Amino acid sequence: MTARPYRTTFPAALAAAAALLMSLLAAPWAAAQSATKSTAALAYVPNEGSGTISVIDTHTDQVIAELPGGGKPRGLAVGTDRRWLYVSDQPNNRLQLVDLKARTLGSTIALGESPEGVAISPDGRWVVAAVEGKNEIAVTDTRSNALAFSIKVQGKNPEHAVFSPNGKLLFVSAEEGEAVDVIDFGARKQVAQVAVGARPRGIGFLPDSSRAYVATENANEVFVIDTANFAILARIKAGLRANGIAVHPGGREVYVSNGGDANVAVIDTASNQVVATIPVGQRPWNMALTPDGKKLYVANGRSNSVSVIDTASRTRLRDVAVGKLPWGVVIR
């Protein structure tokens, strides 16, 4: 019998084409995951309107993946080993874990009504979430990925909880108030309350933990707080609906997003004066800097984008399209 030439059947060809397509789609993510073992930094953007997390390679400023994020992702933190992403899933009242290696949803941790801002301690041991409905900070132990304890605060509807770089203090801003709650994290209790302007939002610390900068949305100001005695050192006029705060790793500049003005103001920390404003997208919200401080990433809630700013020239380099209603950015 004469042997017939080998022919690939249609189903086999289709399967091969699908496998090739999947490998091509996975290549950027795989390359970025490999790069994270060295020096690459990835920006994670929670999109509360689409229930996803956009992942941006900060070298190329390209979205390399869209991860599931739960019902309405808002605050998030990345584990120090970059294995787990911790996301506040607001309508489901829980902390949603995302497996960054498998790119799938992991376990969940019940937190209480309406969790928002999330942060991780400098040593990577603790993840904190501001729980609005309970007026408390829920603390998860990253060694077990289980809720460890909670800390009550005086402020109503806490939105952000941010560690000082030395890990000793936790500053908490509450939407329905005009003060910042100060927690001694080692003692697991609130030790002070600092009066600021109406509707405090974003918080950032100088690298040496000596000062905190707090944006007040309804007062359109940034308050500078001495962390040694909790005294107000300065009040800086910002733009309309000031909310997000990011501090340069060198400590020389603080950035505040002005939601009503569609720009970011640059504060010189030596003079505590605004020295520049940079236009971005609509309703800029929470922000993050690359570890080297060269680029600032700003979530634009109403533009469904992230603006990338060159901090040396104070210019917007580009806008990166992400999911619907991006709430913030975390970089690791």
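**Exercises on a predicted model**

**Exercise 1.** Determine which strands each supply at least two residues of the lining of the largest pocket in this predicted model.

*Solution.* The strands that each supply at least two lining residues are β4 (73-78), β8 (115-120), β12 (156-163), β16 (200-205), β20 (242-247), β24 (284-289) and β28 (330-331). The largest share, five residues, comes from β4. Next, consider the space itself: the volume of the largest pocket is about 1300 Å³. Its lining consists of 41 residues, and those closest to the centre are Val 162, Met 287, Ala 288, Val 330 and Ile 331. Finally, sorting the lining by class gives 27 nonpolar, 12 polar and two charged residues.

**Exercise 2.** Identify which residues of the largest nonpolar core touch the most other members, and which elements contribute to this core.

*Solution.* The core has 15 residues; Tyr 213, Val 222, Ile 236, Ile 245, Val 254, Val 256 and Ile 267 touch the most other members. Two or more residues come from each of β17 (211-216), β18 (221-226), β19 (232-237), β20, β21 (253-258) and β22 (263-268). Of these, β20 gives the largest share, three residues. Now take Ile 267: beyond its neighbours within four places in sequence, its contacts include Val 222, Ile 236, Val 254 and Val 256.

Notes: Residues numbered from 1 in each chain as written. Predicted model: local features only at pLDDT ≥ 70, side-chain atom pairs only at ≥ 80, totals over all residues. Heavy atoms only, no water. 1 Å grid on protein atoms, 1.4 Å probe; cavity = no way out; pocket = protein on both sides within 12 Å on 5 of 7 lines; lining within 4 Å. Points joined across faces, edges and corners; volume = space filled by probe spheres on them. Helix = DSSP H or I, 4+ residues; strand = E, 2+ residues; numbered from the N terminus. Nonpolar A, V, L, I, M, F, W, Y, C, P; charged D, E, K, R; others polar. Core = buried A, V, L, I, M, F, W, Y, C linked by side-chain atoms within 4.5 Å. Buried < 20%, exposed > 50% of the residue type's maximum accessible area, 1.4 Å probe, protein only. Contact = heavy atoms within 4.5 Å.
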